Amino acid sequence: MKYQKIIITLTVILLAGCQTEKKQINTVFKLLDATETGIDFSNNLQFDNDFNVYKYRNFYNGGGVAIGDINNDGLQDIYFTANQGKNRLYLNLGDFKFEDISEKASVSGTKPWSTGVAMVDINADGYLDIYVCNSGDLKGENKQNELFINNGNNTFSEMAAEYNLADKGFSTHASFFDYDKDGDLDAYILNNSYQAIGSFNLKRNERPKRDELGGDKLMENVDGKFVDVSEKAGIYGSVIGFGLGVTVGDVNNDGWEDIYVSNDFFERDYLYINNQDGTFSEELEDQIPAISAASMGADMADINNDGYNDIFVTEMLPSEYQRLKTVTTFEDWNKYQLNVNSGYHHQFTRNTLQLNNQNRSFSEIGRLSGVEASDWSWGALIFDMDNDGLKDLFIANGIYRDLTNQDYLQYISNEEVLKSLVSDQRVDYARLIDIIPSNKLKNHAYKNLGDLDFINYDESGLQTESFSNGAAYGDLDNDGDLDLVVNNLNMRSFVYQNTTVDNTDSNYLKLVLKGGNKNTFAIGTKVKIENHQYSLENQPVRGFQSSMDPRPNFGLPTSDPVSIEVIWPSGKLTSLESVEVNQTLVLSEKDAEEISVSEKEKEADVFKKLDSGSNYKHTENNFVDFHRDRLLDHMCSTEGPKISMADVNGDGELDLFVGGAKGSSSQLLMGENMEAVSMNDSDFNKNSNSEDSSSLFFDADNDGDLDLYVCSGGVEFSKFSTSFKDRLYFNDGKGNFKLSNQNLPTPSSLNSTSTVLSSDFDKDGDLDLFVGERIIPLQYGSPCSGFLLQNDGKGNFKDITEAYAPKLKGIGMITDGLFMDLDTDGDKDLIIVGEFMGVEIFVNDNGSFSRKSDNSLSDLKGWWNTIESNDLDNDGDLDLVVGNHGLNSRFKASQENPITLYSNDFDKNGFIDPILAFRAKNGKDYPFALRHNLIDQIKSLKKLFPDYESFKDAGIKDIFSAEQMEGANILSVNNLSSVILINNGNFNFEVKQLPKEAQFAPVYAIAAKDFDNDGDPDIILGGNLYGAKPEVGRYDASYGVYLENLGDMNFKFHNNGKGFVVKGQIRDLKINDNKIIVARNNDSLAIFKY
Amino acid sequence: MKRIGFVLIFALITLYSCEENTAYKEQLNDPELFHSAMKNLTDVIVYDIFSPPVASRVYMYPSVAAYSIMQKAHPEKYNSLAGQLKELKAIPEPDNENIDLHLASIHAFTTVGKQLIFSEQKVRDFQDSTYQNLKDKGLPKKVYQASIDYGEQVAKHILDWAKGDLYDQTRTYSKYTIRQEDKFWKPTPPDYMDGIEPHWNKIRTVVLDSANQYVPVPPVEFNLTAGSEFQKQLMEVFEKGQGVDQESREIASFWDCNPYVSHHRGHAMFATKKITPGGHWIGIVSIAARESNNTFDETINAYTYTSIALFDAFISCWDEKWRSLVVRPETLINQHIDEQWAPLLQTPPFPEYTSGHSVISRAAAVALTSIYGDNFSFLDTTEMEYGLPARSFTSFIHASEEAAISRLYGGIHYRMAIDEGVTQGQKVGEFIVQNLRTIK
């Protein structure tokens, strides 16, 4: 007994020893002790029956932090807001010592429930004043915001009413900036609605109606008095404005400040573009395709050093698997559609990182950058933590009670529990809340690696478990790196000292900006380091309820002198060359020059969109794959339209054939104008029930005109439906097509097909066909086959697969292919790609096709959509470009951590259950589906996993027994990026990932041609997929991709596509002469000239 | 040898001479035993949240299991259900004289029920405490074992029968895809839940020939023009559907029977659970059976008969709901009359026509009337557990009529769905009464 104890003690000591050792690794930030700093602030909360999270929904939103030098001694002071306690002001005494002077300074506030804070010099006396938002008093009148005017002697006088800033709304925050450029600071007051969420009917759009009691407000500063100009300026202020963040900055680089408002709950966010005339245009839906749903805090800064502000918004998607499985639900498809149709835009449960495309559009790349999930998040701050010139990302998170814990929700909904909580119509809220689990969360920090890559910044030292809300950065010790202060709920606030300058040989340049006129701190000033294209905009109000050190601080990788450019709010410019770094530079607007910034010379466009295109429009049928195939995340029914080109009537002009969705006829577009002619009497129309998924013009019957093979695809039919019959139409030479009565591709296969290719593989002088099967309806994942169809010369086709290419049977879910002579033996080999497939090569040997076994590309398993060939390196052989799912996705796959699809009839009810799983670091496969979604498919799992807790650690092997797994079809994916396969001859290919920007969305169409006329072929790509479940989010970040060939297989992405910019879901790209025809799902054709 | 024999005989005599504890027998004859088993099932149905049609299935199969065994105890009084219920074959004969058929009946009931619900432990707890209580009251081990074994056997028989009803298959049938035209049903506030059980008409009926045996007249033609019949009915819901007076509000709440009502407070949410419409009528059966001093077997008969009527009535009603796809009044009123309007009751997540409560209440009332007669007045205390006062009725039909009209007062149904629902329920009920003979 004693022995054991000793051993245990010893182990503990050993363990502890290890831990301390670990801690000694130098982290970027060092958490300072309150005893050292003197900052013992804690935002303590107590709830009771009358005031709690059920009565007041923002109960756990917490407080903010403001950093600024209130006594102009050069040291940044700190102000904390408290919800129930007193706000605190800590005077910086230097050397990280602070003194609480709140009471002496009369600045702790008299109103309950302070939220946001801004330090701003409102009266332009050179001293920072403090504006505090209050929003707690539920019934009473006691929630006016407070404005503490700095008396210049470390005391303050509350004068909100005098400035007309004593707003009575449930204010979250306020931002001060000069929107009308009249030289003084105006204010945007962010007010959260008081109305109960359950009381809203989504169909009723309240947005345009101004709320008398609250609502967001834009206040113009008119000679020191603030006047509400919201309506005139075009600012929404309704009862559905659940604003949690107001982020100001210039998003279109026109020198005028724009506004991003992040709204919680069902209301969408707002993006106000400054019209430069005192008004704003709200353009979010035009510019940003997808946003965070319950948006919380936000920040705006340049993450890729392209000189444009990007926007980051926090949400609540858990990053840890177990939490995801216990606290999260996602909206179902119908609810999502209802939201969209009711005017709330495309909102998703995840953080969003909106990359500024510099052309009035944004691409949401949070999933690509890996920053989409950081749990219940509040303050997000984009700043350079380690002075490497790249801005990193900090996210303060935590919710004091896990309000959405699914087991808790189920538990309290039980009769006996509810009865014990409710008596005489009175709810015992205290007890109701007491039983909610409370779990601290680690704050998140991400390091910016460049090229839009962010990784968990483990060495930042910021991942402390806490309930954190607002946060602010500032250089508290004036050493040239940014320190961080975090306001925590029911625990002491964090003061982190940044050790970068001490511990590394990094460099910095700090600026103190003296604004002219009444904007003394020069809010809105933009500073650029020309050498590195680093840029910062001086906007102290950021993140969540917080306000930053107003001195722009640049981290620099070298100590070389730099050139800087300062564009002041007035538009004046200060331009300095050979500025020594590692210093603090004081600049004044009054010294700046009145020079209009020269417009950067615009690069010449390669592409020009034609205004008048075709009169054709593709119409997608209303089919929701998820209503039938509940566990699938992506629709397979919206993969059209595809185009084929041929001169069908012999008039010398190319005509187009465009496939129709189910219920729409295929369409011929005739001649130069691509005019859609009537198909009413055509055989096409008679077969309009089929979904055309691919087509091919070829001379089937050797009569000199081009006949047409059309694949019938989609998933909207049941297995063996005649609508899956592929169609061969014979051309009478005048462009009239008559349906052949052959059963294609074979009488025995009536499944969805996706691709048809021709080649004379039996070398008898006519064109034979390859046809690929895409999917077996209701059996997603079941093996599909490719077919070789031999032509008898008259257009009669015979399935010879069994004899000549037996390995095509069951090869996979084929999406595309190519005939191409890979071994230069004079006959064409076959390459096919597909979903959950590698790039498969079938070697043609005298008309017999054998699957190449030692093909490394076969192991490159992807969700391939399309393949194209071109000699990209001008070495005489054809290289391949293959379009994949892309990297901007919740799905991540690699060799070590593949995605696996297990499909089987697990519950033996006659239906295949496709279970998608990912491999975790521990080597186990876990399902993507949440417990209730899995139960929705397989009812019996509800008994196996009676609650969420029991499910949260269950791997695939825990969910399904070995017996149930028997006979399962198992497929996997290990690469989701779109690639170039460089042909090195003799079946050898080098895999090269396409640039990051080409990975923003699934690629469905590829075209290669020398568009810029410089002698080498360039690439354009098209994609996007809107038919994705809300939990994975739609794929909409691509606007078409133009990749300029720079030689040596290097391709350059152009931000504005050199004119090739297309919205929508591109499904095909065809080049005719010098025109690019872009086919989009459920949309018109877009035509570009180059 | 002899000595040992003597000792044995002595011991036996001693045992017999002790007072035999037969209290268990009384217990097994007490109809309250069955009532408690049914109550346990209702509680679990509420706990697990089953939609009204699915709940009716969870009541029916266990009841049929219980009845089938009970019938073996009283063959002179009751007919077998085999041959009367679609595809139901005769249950195995009890082949052990130790079997107590009442205990076997309880065990079959709870075992089938346990399979159909999710929270098995709650049923297991009931079984354990019930059996322990019987054992404490002298239930001999061999009787216990034989009865449990037989109960298991019959439960398996009934579950095998249930497997053929397409319930498992319909779980993965397509969800309903929303159609945009105004006249078609759309999900409703506050949760905009997907439509429940669009394929319930595929479920095998037990007495009805088919789901569409009694197709109601088509709904009034959709027309929002002032003065049209449809518009008038819509306006009636608008005017009455928030409860015009105390009485109508009480009626609406009393018959709400919504198994899942959600409450939102910001990010915080909780739901309240209640019995389903079918569950309410099961409650009425218990009241009627007690009021009539029904024996154990009579009690099972009443429950079973009613549960069968409810089961087929739900299938008939759901067949029409997902055929006519009529939009809920709340959707139209918000869209065309008053954005702010909300019905007194939360609109349940499935199409409007016909009213489920109207159909199933009437079918159940007709079934109960065939057992207990007209003018059976009773005090309905079913909802007291859920905080609603008791209401008194002069007959089952009276109660069913109030249940029907309550949907108008609750703002969730047009009058047509109520009137035609009652008609539909009457037909279903009559057909069952004519074709299902339990009592000889």
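This is a predicted model: local features need pLDDT of at least 70, side-chain atom pairs count only at pLDDT 80 or more; totals for chains, interfaces and linings use all residues.
A residue is called buried if 20 or more other C-beta atoms lie within 10 Å of its own.

I begin with chain B. Of its 440 residues, 52% count as buried. Chain B contains 16 helices and 4 strands. Its radius of gyration is 24 Å, close to the 22 Å that the globule rule gives for 440 residues, so chain B is as compact as a globular protein of that length. Along the principal axes, the C-alpha atoms of chain B fill a box of roughly 100 × 45 × 45 Å. Consider also the contacts in chain B between residues at least 6 apart in sequence: 81% of them join residues at least 24 apart.

Ala162(B) belongs to helix α7 of chain B, which covers residues 141-163. Is Ala162(B) buried or exposed? It counts as buried, because it has 21 C-beta neighbours inside 10 Å and the cut-off is 20 or more. Ala162(B) and Arg57(B) are 105 residues apart along the chain, yet their C-alpha atoms are separated by 9.4 Å.

Next, two helices of chain B. Before we look at them, please recall that an α-helix has 3.6 residues a turn, so residues three or four places apart point the same way. Helix α14 of chain B runs over residues 356-372. Just after α14(B) comes Gly373(B), with a positive phi of about 90 degrees.

Helix α15 of chain B, residues 396-409, has 14 residues. From its first C-alpha to its last it reaches 20 Å, close to the 20 Å expected at 1.5 Å a residue. How many residues of α15(B) are buried? The number is 11 of its 14, and the helix is mostly covered. Among them are Phe396(B), Ile397(B), Leu408(B) and Tyr409(B), together with Arg407(B). Gly411(B) follows α15(B), and its phi is positive, near 80 degrees.

I now come to the nonpolar cores. The largest has 287 residues, and those with the most contacts inside it are Ile130(A), Val485(A) and Val1078(A). Leaving aside residues up to four places away in sequence, Ile130(A) touches Ala66(A), Tyr79(A), Val107(A), Val117(A), Met119(A), Phe148(A) and Phe156(A). A second, separate core of 122 residues includes Met60(B), Ala104(B), Tyr150(B) and Met416(B).

Where do the two chains meet? The contact takes 33 residues from chain B and 34 residues from chain A. On the side of chain B that touches chain A, at least two residues each are supplied by α3 (31-48), α8 (167-170), β1 (260-265), β2 (268-273) and α13 (329-337). Which element gives the largest share of that side? It is β2(B), with 6 residues.

Strands of a sheet pair through backbone hydrogen bonds, either parallel or antiparallel. Here 4 strands of chain A form an open sheet in the order β10-β11-β12-β13, with antiparallel pairing. Strands β10 (170-177) and β13 (225-228) stand at the edges, each with a single partner strand, so one side of each is left without a neighbour in the sheet. From one strand to the next, the twist averages 30 degrees. Strand β12(A), residues 217-222, pairs with β13(A) over 4 bridges, and Val222(A) stands opposite Lys225(A) in β13(A).

Finally, some details of the backbone. Most residues other than glycine have a negative phi, and most peptide bonds are trans. Ser106(A) is not a glycine, but it has a positive phi of about 55 degrees; it is found in the loop between α3 (102-105) and β6 (114-120) of chain A. Asn517(A), also not a glycine, has a positive phi of about 55 degrees, and its place is in the loop between β35 (507-514) and β36 (526-529) of chain A. There are cis peptide bonds to note as well. One joins Gly640(A) and Pro641(A), with omega about 5 degrees, and Pro641(A) lies in the loop between α13 (625-628) and β45 (643-646) of chain A. Another runs from Tyr353(B) to Thr354(B), with omega near -5 degrees; Thr354(B) sits in the loop between α13 and α14 of chain B.

Thank you for your attention.

Notes. Residues are numbered from 1 along each chain as its sequence is written. Chains are lettered from A and ligands numbered from 1 in the order in which they are written. Two strands pair if DSSP finds at least two bridges between them. Axes are lines fitted to C-alpha atoms, for helices over the stretch in contact, and angles run from 0 to 180 degrees between N-to-C directions. The radius of gyration is taken over C-alpha atoms; the globule rule is 2.2 Å times the number of residues to the power 0.38. A residue is buried if 20 or more other C-beta atoms lie within 10 Å of its own, exposed if 12 or fewer, and partly exposed in between; C-beta atoms are placed from the backbone. Two residues are in contact if their C-beta atoms, placed from the backbone, lie within 7 Å. A nonpolar core is a set of buried Ala, Val, Leu, Ile, Met, Phe, Trp, Tyr and Cys residues joined through C-beta atoms within 7 Å. The expected span of a helix is 1.5 Å times one less than its number of residues.
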